[in-house]
Amino acid sequence: MKPLNVIGFLGSTLDASKFGPSRWSKWRPSVALTMHEDLRVDRFILLHGGLHSRLAEYVAEDIRSVSPETRVDLRRLDLRDPWDFEEVYGKLLDFARAEPFDPDAEDYLVHITTGTHVAQICLFLLTEARYLPGRLLQTQPAKRGEDGGAPGRWTAIDLDLSRYDSIATRFAVAAQESTSFLKSGIETQSVTFNRMIDEIERVALRSKAPILLMGPTGAGKSQLARRIYELKRLKHQIAGAFVEVNCATLKGDSAMSALFGHRKGAFTGAVADRPGLLRAADTGMLFLDEIGELGLDEQAMILRAIEDKRFLPVGSDKEAASEFQLIAGTNRDLGEAVAAGQFRDDLYARLNLWTFQLPGLAERREDIEPNLDYELDRFAEREGDRASFNKEARQRYLAFATGPDATWPGNFRDLAASVTRMATLSPKGRIDMECVAAEIERLKHLWSAQRDGGADLLTEILAPDVLAEIDPFDRVQLAETVRICRKSRSLSEAGRVLFAVSRARRTSANDADRLRKYLARFGLDWSSLAQPLA
């Protein structure tokens with residue numbers, strides 16, 4: 001057997017007694033734990049304050065008399081206030097770090113029966129965190145009617161909860177419930193998606209760092225962010241509100257004011273103080289959806305708010321503070337945006353600690369059926385009227401939904417809209433074959449129109465005779481160029497996006513001039529594309 005070491009505080013009340021033979025009729029925890037026949041203590045590290053040095057010596061002598069094999073190691077630990085948690089924990093942490101523990105060669109028990117309640121809690125926390133590499137030791141006096149000087153009983157507690165079958169089972173059930181909570185109770189079948197959700201659940205409950213959710217529009221980023229918030233609130237890890245903002249709607253000077261607030265009179269129209277969204281998220285969670293659409297100035301201030309929890313409202317000379325957790329969402333590749341100069345690399349580095357890529361619905365076809373049932377339940381809850389499929393109609397819809405003809409470009413938004421239409425139009429709440437057939441044709445038409453959107457875009461800006469002279473290959477390229485131009489804030493920005501890869505290979509680049517010349521080939525210029533035509 002390995003030598004056994006016990007670490008514990010001297011009990012200034014429980015271990016105290018009259019200095020005489022009568023002391024042996026009293027249960028004294030530190031002495032009694034060395035009297036058990038089934039607990040051989042080789043070394044007892046007895047922590048005590050300077051005021052109780054005499055008592056510590058007296059207790060040590062009594063331990064030696066009842067257990068000669070026990071070496072008592074008296075350690076003076078002076079505390080100005082034994083009820084000050086910060087001081088007690090700090091002193092015990094220093095002790096634990098300085099002690100040359102050797103768990104491979106020795107066993108350790110941490111006695112938590114003596115000492116103030118604060119000291120007992122600190123010993124528990126340090127043992128749980130493995131600063132003290134042992135098990136907890138609890139002792140209690142003899143039962144009523146037994147000899148008062150009897151050693152009583154002792155119990156060792158292993159904080160590795162996986163060793164306790166009933167507790168491990170309860171924790172496993174709780175973990176499963178948490179994961180199901182993040183999935184809104186949907187019994188998803190995708191192994192990859194379920195593994196990702198398991199990881200998000202662990203991160204959400206153990207980290208306050210920003211989380212970045214990437215994925216196409218409609219993949220469920222907003223809903224997942226809210227479920228993460230609700231999970232943390234359920235676990236009492238967060239107290240404030242959930243504040244969601246779509247950064248694509250924040251444009252120009254109003255973006256700074258919306259995010260960081262402003263002082264009265266900061267600009268024309270600022271007739272009153274505005275706290276801003278970051279202040280609204282104090283002690284809560286801020287979800288910045290489409291964060292890639294933020295301007296560079298706003299990105300710089302967001303970065304400081306994440307790191308320092310402080311920011312400067314518009315028109316104020318006094319900083320504001322907000323303690324919030326950030327979840328960011330984007331359907332853009334932020335790495336490419338950094339390369340194109342559209343996103344700050346330092347903010348991206350800060351967000352990129354916990355990054356999760358949400359797949360689109362077409363990549364999770366095995367999850368369409370459980371999500372179909374979920375959307376039917378949502379419709380019933382929202383409208384107060386339940387709709388359901390007959391067997392043949394359900395099979396027909398699922399065969400299409402999971403087949404190659406269903407592209408689901410809008411992802412779960414497409415599915416939700418589809419279910420809503422069928423449930424609303426179904427006769428007497430029963431979705432039949434006729435209703436499903438009509439919906440399938442509707443989806444095919446909608447998706448076909450979206451696929452042909454590039455051609456429609458060019459018909460808006462080019463005359464039919466000009467368009468007829470352009471090869472189909474060039475039409476696709478030109479349509480994408482026009483789309484990027486309409487999303488960009490300047491000719492240079494559009495050029496950086498369009499030529500992001502090739503510009504990195506050149507020693508100098510004039511993206512604006514390159515784009516200007518390309519547009520001129522088709523008789524177009526930046527000013528005609530900067531804003532969509534009415």
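**Figure 1. Strands β5 and β6 pair in the antiparallel sense.** Five bridges join β5 to strand β6, which covers residues 153–157; two strands are said to pair if DSSP finds at least two bridges between them. Within this pairing, L136 stands opposite I157 in β6. Helices (H or I, at least four residues) and strands (E, at least two) are DSSP runs, numbered from the N terminus. The model is predicted, so local features need pLDDT of at least 70 and side-chain atom pairs count only at pLDDT 80 or more, while totals for chains, interfaces and linings use all residues. Residues are numbered from 1 along each chain as its sequence is written, and side-chain values use heavy atoms, with hydrogens and water left out.

**Figure 2. Strand β4 pairs with β5 and with β1.** Strand β4 (residues 107–111) and strand β5 (residues 135–140) pair in the parallel sense over three bridges. From β4 the chain passes through helix α4 (residues 117–128) to β5, and this β-α-β crossover is right-handed, a term meaning that, with the strands pointing away from the viewer, the path from the first strand over the helix to the second runs clockwise. L109 stands opposite R135 in β5, and the bridge partner of H111 in β5 is L137. Strand β1 (residues 4–9) also runs parallel to β4 and is joined to it by five bridges, with N5 opposite Y108. Because four of the five residues of β4 are buried, this strand is largely enclosed by the rest of the structure; buried means under 20% relative accessible area, exposed over 50%, and partly exposed in between (1.4 Å probe, protein chains only).

**Figure 3. E99 lies in the loop between α3 and β4.** Helix α3 covers residues 85–98, and E99 is buried, with a relative accessible area of 10%. Leaving aside residues up to four places away in sequence, E99 touches R43, I45 and R75, where contact means heavy atoms within 4.5 Å. In helix α3 itself, E87 and K91 lie four residues apart, about one turn of the helix, and their side chains meet in a salt bridge (3.7 Å, N to O). A salt bridge is a side-chain nitrogen of Lys or Arg within 4 Å of a carboxyl oxygen of Asp or Glu. Of these two partners, E87 is buried at 10% relative accessible area, whereas K91 counts as partly exposed at 29%.

**Figure 4. A salt bridge between D62 and R23 links distant parts of the chain.** The side chains of D62 and R23 meet at 2.8 Å, N to O. D62 belongs to helix α2 (residues 53–66), while R23 is placed in the loop between β1 and α1, 39 residues apart from D62. D62 counts as buried at 3% relative accessibility, and R23 counts as buried at 13%. The structure holds 27 salt bridges.

**Figure 5. R310 forms a salt bridge with E319.** The closest N and O atoms of this pair are 3.0 Å apart. R310 counts as partly exposed at 33% relative accessibility, and E319 counts as partly exposed at 31%. Elsewhere, salt bridges that share partners join R43, D73, R75 and E99 into one network.

**Figure 6. E290 and K309 have positive phi values.** Phi of E290 is near 55°, a positive value in a residue other than glycine, and E290 is placed in the loop between β9 (285–289) and α10 (296–308). E290 counts as buried at 10% relative accessibility. Phi of K309 is near 60°, again positive in a residue other than glycine; K309 is placed in the loop between α10 and β10 (310–311) and is partly exposed, with a relative accessible area of 22%.

**Figure 7. W24, M35 and V66 make a nonpolar surface patch.** The patch comes to about 210 Å², with accessible areas taken from the Shrake-Rupley method with a 1.4 Å probe; for residues, only the protein chains shown count as cover. Patches are made of residues with over 30% relative accessible area and no salt bridge, like charges being joined within 9 Å and nonpolar side chains (Val, Leu, Ile, Met, Phe, Trp, Tyr) within 5 Å. M35 is found in the loop between α1 (29–32) and β2 (43–48).
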